Amino acid sequence: SHWEHPCLQDLLENDSLHNGTDASGNPILADIGTFLKKQLKGAFKEADIKYIDPSYIIRSIPTTSNDRIYCKILAHNAVHAAFAGYTGITVGLVNTHYVYLPIPVIIQSARRVDPRGKMWNRLRASIGQPNFY
């Protein structure tokens, strides 16, 4: 099935970056970023190609107890929704209330974040992410 080979994994299987299988027999998926860097360096020998692991950019600080509690409540609510038979929804926090949100409504229009706005700067400061501009 197509689920067995996400994001170019079939190319990685023939490369030295393939990592075999885990104890359960599941494939250990290789890092597509490292693979692409190697391929690009081979194709563009004169170019200075850098690869920054996204895990360092996204969030490389430990979670707080508030993060853990929030995620646990979201998970519990998602399980309750599933057991209640709800589909096509996600859970979230709206005005201090945990709610079920219909996915079609959430994705009906693009959300914009002002990278110089207060909300983004508050988030960035709370997770320790540097400015990229």
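Biologist: Where does Asn95 lie?

Modeller: Asn95 is in the loop between β1 and β2; strands here are DSSP runs of E with at least two residues, helices are runs of H or I with at least four, and both are numbered from the N terminus. Keep in mind that this is a predicted model, where local features need pLDDT of at least 70 and side-chain atom pairs pLDDT 80 or more, while totals for chains, interfaces and linings use all residues. Residues are numbered from 1 along each chain as its sequence is written, and side-chain values use heavy atoms, with hydrogens and water left out.

Biologist: What makes the phi of Asn95 worth a remark?

Modeller: Most residues other than glycine have a negative phi. Asn95 is not a glycine, yet its phi is positive, about 50°. Thr96, in the loop between β1 and β2 as well, has a positive phi near 70°.

Biologist: Why is Asn95 called exposed?

Modeller: Exposed means over 50% relative accessible area, buried means under 20%, and partly exposed is in between (1.4 Å probe, protein chains only). Asn95 comes out at 66%, so it counts as exposed. Thr96, at 71%, is exposed too.

Biologist: Okay, what makes Tyr70 and Tyr98 a tilted pair?

Modeller: Rings of Phe, Tyr and Trp (its six-membered ring) pair if their centres lie within 6.5 Å; planes under 30 degrees apart are stacked, over 60 edge-to-face, and the rest tilted. The structure holds 2 aromatic pairs. In the pair of Tyr70 and Tyr98, the centres are 6.3 Å apart and the planes make 40°, hence tilted. Tyr70 lies in helix α4 and Tyr98 in strand β2, so the pair ties together parts that are 28 residues apart in sequence.

Biologist: And how do you know that Tyr86 and Tyr100 pair?

Modeller: Their ring centres are 5.2 Å apart, and the 45° between the planes makes this pair tilted. Tyr86 sits in the loop between α4 and β1, and Tyr100 in strand β2, 14 residues apart. Tyr86, at 47%, is partly exposed, and so is Tyr100 at 35%.

Biologist: Why do you say Lys50 and Asp48 form a salt bridge?

Modeller: A salt bridge needs a side-chain nitrogen of Lys or Arg within 4 Å of a carboxyl oxygen of Asp or Glu. For Lys50 and Asp48 the closest N and O atoms are 2.6 Å apart, so the pair qualifies. A search of the whole structure finds 1 salt bridge. Lys50 counts as exposed at 63%, as does Asp48 at 62%.

Biologist: How do you know that Arg124 has no salt bridge?

Modeller: With Lys and Arg counted as positive, Asp and Glu as negative, and His and the chain ends not counted, the nearest side chain of opposite charge is Asp114, 11 Å away. Arg124 is buried, and lies in helix α6.

Biologist: What makes the approach of Arg124 to Asn121 a polar contact?

Modeller: The term covers N or O atoms within 3.5 Å; within protein, one must be able to donate a hydrogen and the other to accept it, and residues adjacent in sequence count only if both atoms are side-chain atoms. The side chains of Arg124 and Asn121 make such a contact at 3.1 Å.
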